[in-house]
Amino acid sequence: MSATFSIGDLARATGVKPTTIRWYEQEGWLPPPSRTEGGHRAYGAAHLRRLGFIRHARELGFESEAIRALLDLADRPDADCGQAHALATAQIGEIDARLRRLSALRAELQRMATSCEGGVVGECRIIETLADFGHGHCEDPTHGTR
């Protein structure tokens with residue numbers, strides 16, 4: 001007999017909340033589990049592996065649409081993996097774009113912090129820059145939009 005997991009056991013084993021597990025079932029990301037005589041969900045090793053796959057994809061920043069496509073590919077082991085490569089490459093591009101935005105934000109915050117040497121709030125360059133929502137005091141006024 002293979003191991004079975006309650007929803008709580010599966011949640012503990014994967015670090016995914018039970019509500020999220022139920023949502024994945026509703027979305028079709030996880031196949032419906034069998035039920036115990038008492039009507040409780042009984043998950044198997046395949047559920048554990050698939051949920052681990054989903055969690056890992058989430059940790060790598062894949063969006064829902066990409067995860068759905070990756071799950072579909074995982075269900076077809078003989079399929080060409082070109083789509084998986086394309087999805088991973090696109091994700092690398094997204095991460096690179098986020099890193100550029102974060103780098104610009106860091107540089108702007110560093111510039112603001114360096115320009116503030118203490119004193120009173122009424123003359124604080126950090127407060128003045130933050131209050132300027134038009135980004136007129138920012139060295140790079142597009143730092144939050146790239």
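**Exercise 1.** Which helices are included in what covers the buried residues of H3?

Solution. The structure is a predicted model.
- Step 1: locate the helix. H3 spans residues 45–59 and holds 15 residues. From first C-alpha to last, H3 reaches 21 Å, close to the 21 Å expected at 1.5 Å a residue.
- Step 2: list the buried residues of H3. They are His47, Arg50, Leu51, Ile54 and Ala57.
- Step 3: find the cover. It includes helix H1 (7–14), helix H2 (18–27) and helix H4 (64–74).

**Exercise 2.** Work out how the residues of H3 are arranged around its axis, and what follows the helix.

Solution. 
- Step 1: take the buried set again, namely His47, Arg50, Leu51, Ile54 and Ala57. Viewed down the axis of H3, these buried residues fall within an arc of 120°, so they line one face of the helix.
- Step 2: turn to the face directed away from the buried side. Exposed residues Arg49 and Glu59 are carried there.
- Step 3: Glycine 61 follows H3 and has a positive phi, near 90°.

**Exercise 3.** Is glutamate 108 buried or exposed, and with which side chain does its own side chain make a polar contact?

Solution. 
- Step 1: Glutamate 108 is part of helix H5, which covers residues 82–115.
- Step 2: apply the cut-off. Buried means under 20% relative accessible area; glutamate 108 has 4%, so it is buried.
- Step 3: identify the partner. The glutamate 108 side chain makes a polar contact with the side chain of arginine 111, at 2.6 Å.

Conventions
Residues are numbered from 1 along each chain as its sequence is written. This is a predicted model: local features need pLDDT of at least 70, side-chain atom pairs count only at pLDDT 80 or more; totals for chains, interfaces and linings use all residues. Side-chain values use heavy atoms; hydrogens and water are left out. Helices (H or I, at least four residues) and strands (E, at least two) are DSSP runs, numbered from the N terminus. Buried means under 20% relative accessible area, exposed over 50%, partly exposed in between (1.4 Å probe, protein chains only). A polar contact is a pair of N or O atoms within 3.5 Å; within protein, one must be able to donate a hydrogen and the other to accept it, and residues adjacent in sequence count only if both atoms are side-chain atoms. The expected span of a helix is 1.5 Å times one less than its number of residues. The arc is that of the directions from the helix axis to the C-beta atoms. Contact means heavy atoms within 4.5 Å.
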